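Please open the model in your viewer and keep the selection tool at hand.

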Amino acid sequence: METKRSHLSNILELNFAMLLISTSGALGRYIEMPVPVIIAYRAIFAGVFLFVFCKWKKISIHVEKKDVLPIIASGILMGLHWITFFYALKLSNVAIGMLSIFTYPALTALLEPLILKTKFQKSHLLLSALVLIGIYFLVPNFSFENEYTKAVGLGVLSAFCYALRNLIMKTKVGNYNGSMLMWYQLVVVSIILSPCLFLFDSLGILTQWKPTITLALLTTAIGHTLFLTSFKRFSITTASIISSTQPIYGIIIGAIFLNEIPKIMTVIGGILILSSVIIESIRSYK
């Protein structure tokens, strides 16, 4: 009985992490500041929260020399992932922004054999085709004058950056604490984007500090830390299957707080994209 309760609490904790991370869609649409400024503040505030957390938990922040460049590269990719995702949100809506970045599992499946020299699997081509059909339903009218087309393009680019970052970090997670790795990535993003606070109008933080702090603390520091912690209790595959709820949570939050109701074509595209994620996760688990 105790084991069942423990497993249930772990499942609930992982879903809670997904709920927190999924708030990024609605917050990205709601915060009225230039995108590089939002991401700079997000990284700085979240970095402070995670640094305090690491000190409190006495987590070592020492990194081996050979791992410095991969961690810097993953930080740059994380920053690019966030910026392109938030631009996609600004150009479209929560549903299209969040569903387009969930092409990253298919992109990961195609990139992994090239980067980590694993065996290529033909089934991944079929799943990638399913994702492409899903993208077609998200934007039936492919025109670069169409803002939704630009949004999906940026969303897929965001997914590509996220997939690359995950593949780089896959070889490092076993050697270091997840919170510490996340903190280093936030430091990299903060350093690169801090000039944007002077190049763009950043005074919006005076009126937008509440949602920005929410984005940094709940979405980034707590949400991502809980998600990384879940890897100790679940396989990466199980965590990936449950993470498929993220766009669903995000769309519901967008509908409640921003009154953004997805169109039927968006729903069909979303089902196709999320189906590919779940099929691949279950297949690799078996």
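Select I38 first: beyond its neighbours within four places in sequence, I38 is in contact (heavy atoms within 4.5 Å) with I31, M33, F86, K90 and L215. The model is predicted, so local features need pLDDT of at least 70, side-chain atom pairs count only at pLDDT 80 or more, and totals for chains, interfaces and linings use all residues. Residues are numbered from 1 along each chain as its sequence is written, and side-chain values use heavy atoms, leaving out hydrogens and water.

I38 lies in helix α2, residues 35-56; helices are DSSP runs of H or I with at least four residues, numbered from the N terminus. Is I38 buried or exposed? I38 is buried, at a relative accessible area of 0%; buried means under 20%, with a 1.4 Å probe and protein chains only.

Next, select helix α3 (residues 65-91) and helix α4 (residues 94-101), which pack at an angle of about 145° with axes 8 Å apart. Axes are lines fitted to C-alpha atoms over the stretch in contact, and angles run from 0 to 180 degrees between N-to-C directions. The contact is made by H81, F85 and L89 of α3 together with V94, G97, M98 and I101 of α4.

Now turn to F102 and Y104, an edge-to-face aromatic pair with 5.4 Å between centres and 65° between planes. Rings of Phe, Tyr and Trp (its six-membered ring) pair if their centres lie within 6.5 Å, and planes over 60 degrees apart count as edge-to-face. F102 is buried at 2% relative accessible area, and Y104 is buried at 14%.

Methods: Helix = DSSP H or I, 4+ residues; strand = E, 2+ residues; numbered from the N terminus. Buried < 20%, exposed > 50% of the residue type's maximum accessible area, 1.4 Å probe, protein only. Phe/Tyr/Trp six-rings, centres within 6.5 Å; stacked < 30°, edge-to-face > 60°.
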